[in-house]
Structures are given as structure tokens and as C-alpha cells.
Amino acid sequence: MAETLRNLVEAELGQPVDPRVVAMAKAIADRHGPASRAVLFYGSCLREKQLDGLMLDFYLIVSNYGAAYDKGWLAKANKLIPPNVFPLQHDGLTAKYAVLSEADFYRLNGPETRNVSVWARFAQPSRLVWARDKEASCGAIAAVARAAPSLLAAARPYPDGDELEPWRHAFSLTYSAELRAERKGRSGSIVDTDRDRYRRFLAPALAAIEPNASQGNWLRRSVEGKLLSVARLAKASLTYTGGAEYIAWKINRHAGTDIELKPWQKRHPLLAAISLLPRLLRSGAIR
């Protein structure tokens with residue numbers, strides 16, 4: 001069954017995408033030179049099959065952080081609080097990409113980490129749109145194949161419902177463990193828009209749960225996850241050009257708000273995020 005899951009993951013990662021996505025993935029890899037190992041495309045643009053006017057989401061997997069950057073402080077920041085996130089514009093499209101080492105990508109997809117941010121995303125559909133070589137491709141497939149079993153293991157026991165309830169329940173828990181701008185019910189809609197996919201993956205993913213994977217302490221995950229989200233936001237104020245505008249756009253798109261940043265907030269994204277956070281929490285725009 002574990003091999004069946006790997007086969008499903010490999011087939012899904014290999015499905016074709018818009019050529020512009022491939023071109024952007026190559027541009028991302030070129031930014032970091034020989035350290036680049038693989039680029040994965042995921043998120044709402046993949047699910048909705050829309051690119052224009054939206055922010056595409058990628059993960060860049062690198063051999064190690066020291067080799068990926070010209071500036072040592074960026075490598076240290078990536079190692080201390082992974083991932084680093086950067087914007088990119090290419091051929092009329094806009095994207096952001098997160099950088100993880102091969103070792104961190106494998107670890108953060110597995111049950112040994114309490115943080116949900118990587119395995120929650122890669123339990124969903126993604127595409128391997130660029131790889132350095134066969135070894136890099138196999139490494140990315142092996143890491144992604146850990147995500148769904150990690151998600152489902154942490155979410156046990158599952159409430160009563162139809163056959164897809166384990167997925168809905170699991171994603172709902174992960175949304176509670178991060179600062180999220182999406183509307184309530186978004187976790188369920190992710191599953192219901194691709195029911196056949198989640199049906200096919202369920203039994204193989206359950207069979208591939210690692211013996212040491214236990215039910216998660218979700219209160220602890222929630223507290224740690226939200227604190228980590230704030231730490232990443234603070235780091236992004238140093239690494240992400242236009243970070244405040246992106247945060248406002250993301251919240252407005254997913255939460256239906258109409259946030260307009262003042263000039264000082266655009267100049268000081270960390271202070272902008274801190275100043276907006278209490279209002280957003282009170283309004284329920286993020287949870």
C-alpha cells in the first residue's frame with residue numbers, strides 16, 4: 001500500500017501544467033544556481049487553474065542553505081525559521097516561492113514535526129514542475145509521499161461523516177494551527193472540489209501511516225503554529241519585498257475584507273503586520 005501511495009504521488013506530481021508555470025519555475029531555480037534541486041507548484045492557482053492576476057505559489061528545494069544564497073544572513077534565517085519566502089515576477093505573472101533544503105523538506109513532511117505548514121499543503125495536490133536530475137525528482141516524490149499519512153495520522157480519531165470526512169476534519173485542524181486568512185469552511189471546500197482525488201488517496205495514505213505517528217496535541221500545535229506564523233511574518237519583513245502589500249492582498253482575497261494600507265505601513269511591513277493583527281483577529285478575518 002505504501003508503494004501504491006508513492007505511485008499516486010508520482011503520477012500526480014508529473015501531471016502537465018501551463019507552460020508559463022514551467023518557465024517561472026525555471027526562473028526561480030536559476031535565481032539560486034546549482035543549489036536548486038526541485039521546484040513544486042501548489043495552492044489555489046493550481047486548484048482553480050487560473051494564473052492571470054493571481055499570486056502563484058511555489059516551493060524551491062535546495063541542496064543546502066549556504067549554497068543557495070550569496071548573503072550568509074539569508075542562509076542563517078532560512079535554517080533558523082524555515083522557509084524563507086521571496087516574490088518573483090516573470091513574463092507577466094506574479095509568484096511567491098518558499099525555500100527549503102532537501103533535508104528540511106523531507107522532515108517537515110513527516111510526523112516527526114508538530115508544525116503543520118508543509119505537510120498540510122503537500123497532502124493537497126501539487127506538481128513537480130522542475131527538477132535538477134532524477135535523484136532530485138525522486139527525493140521530492142519521497143518527501144511529498146509522507147505528507148498525507150502525516151496529516152491523517154495527526155487528525156485521528158475522525159468524526160462520523162461520509163468517506164471524505166477524515167480529510168475535511170484533518171484540514172480543519174490544520175487551519176486552526178496557523179494564522180489563516182481564509183473564510184470558515186475553506187478546509188472542507190478544498191476536499192469537495194476534488195472528491196475523486198481524495199477518495200483515491202485515502203486508503204493508501206492511511207495504510208502508509210508510519211508506526212511512530214501518533215495523534216497530535218492540537219492545542220499545543222495551535223499555540224506553537226500561531227507563534228511560528230508571527231515569527232515568519234517578522235522575518236518576511238526583512239526578506240520579502242512588498243510584504244505588507246502582499247499580506248493585505250491575501251487577506252482581502254480570502255477573507256472578503258477591504259484593507260487599504262497607509263503609506264507608513266507600506267514602508268514598514270513588520271509594524272504594519274503588528275498594527276493590523278489585533279483588528280484582524282477581532283473581526284475574524286484571520287484565525
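Guide: Start with Leu219, Val223 and Leu227. Together these residues make a nonpolar patch on the surface, and the patch has about 330 Å² of accessible area. Keep in mind that the model is predicted. Leu219 belongs to helix α13, which covers residues 218–239. What is the relative accessible area of Leu219? Leu219 reaches 66%. Exposed means over 50%, so Leu219 counts as exposed.

Stay on α13. This helix also holds Arg220 and Glu224, four residues apart, about one turn of the helix. An α-helix has 3.6 residues a turn, so residues three or four places apart point the same way. Glu224 and Arg220 form a salt bridge, and their closest N and O atoms are 3.0 Å apart. Elsewhere, salt bridges with shared partners join Asp162, Glu165, Arg168, Asp192 and Arg195 into one network.

The structure holds 21 salt bridges. Compare two more. Arg6 pairs with Glu10, with 3.1 Å between the closest N and O atoms. Both residues lie in helix α1, residues 2–13, and are four residues apart. That is about one turn of the helix. Arg6 is partly exposed, at 22% relative accessible area. Glu10 is partly exposed, at 32%.

Now a bridge of another kind. Glu102 forms a salt bridge with Arg37, and the closest N and O atoms are 3.2 Å apart. This pair links distant parts of the chain. Glu102 is in helix α6, Arg37 is in strand β1 (residues 36–42), and 65 residues separate them. Glu102 counts as partly exposed, at 29% relative accessibility. Arg37 counts as buried, at 12%.

A search of the whole structure finds 12 aromatic pairs. One of them joins Phe105 and Phe122. Phe105 sits in α6 (residues 102–108) and Phe122 in α7 (residues 117–122), so the pair ties together parts 17 residues apart in sequence.

The charged end of Arg146 sits over the ring of Tyr106, 4.1 Å from its centre. The charged end of Arg197 sits over the ring of Tyr198, at 4.7 Å from its centre.

Next, look at helices with two sides. In α8 (residues 134–144), the buried residues are Ala136, Ser137, Ala140, Ile141, Ala143 and Val144. They cover an arc of only 165° around the axis, so they share one side of α8. Turned away from that side are Lys134 and Glu135, which are exposed.

Leu74, Ala75, Ala77 and Asn78 are buried here. Down the axis of α5 they fall within an arc of 165°, so they line one face of the helix. On the other side, Lys76, Lys79 and Leu80 are exposed.

Finish with the loops. Between α5 and β3 (84–90) is a loop that holds Pro83. The peptide bond from Pro82 to Pro83 is cis, with omega near 0°. Another cis bond joins Arg156 and Pro157, with omega about -5°. Pro157 is in the loop between α9 (147–154) and α10 (165–176).

Two loop residues have a positive phi. Lys49 has a phi of about 55°, although it is not a glycine. Lys49 lies in the loop between α3 (44–48) and β2 (55–62), and is exposed at 72% relative accessible area. Asp91 has a positive phi of about 55° and is not a glycine either. Asp91 lies in the loop between β3 and β4 (93–101). At 61% relative accessibility, Asp91 counts as exposed.

How values were computed:
Residues numbered from 1 in each chain as written. Predicted model: local features only at pLDDT ≥ 70, side-chain atom pairs only at ≥ 80, totals over all residues. Heavy atoms only, no water. Buried < 20%, exposed > 50% of the residue type's maximum accessible area, 1.4 Å probe, protein only. Arc of directions from axis to C-beta. Patch = residues over 30% accessible without salt bridge, like charges linked within 9 Å, V, L, I, M, F, W, Y side chains within 5 Å. Areas by Shrake-Rupley, 256 points an atom, 1.4 Å probe, with all protein chains shown as cover. Salt bridge = Lys/Arg side-chain N within 4 Å of Asp/Glu carboxyl O. Phe/Tyr/Trp six-rings, centres within 6.5 Å; stacked < 30°, edge-to-face > 60°. Lys NZ or Arg CZ within 6 Å of the ring centre and 35° of its normal.
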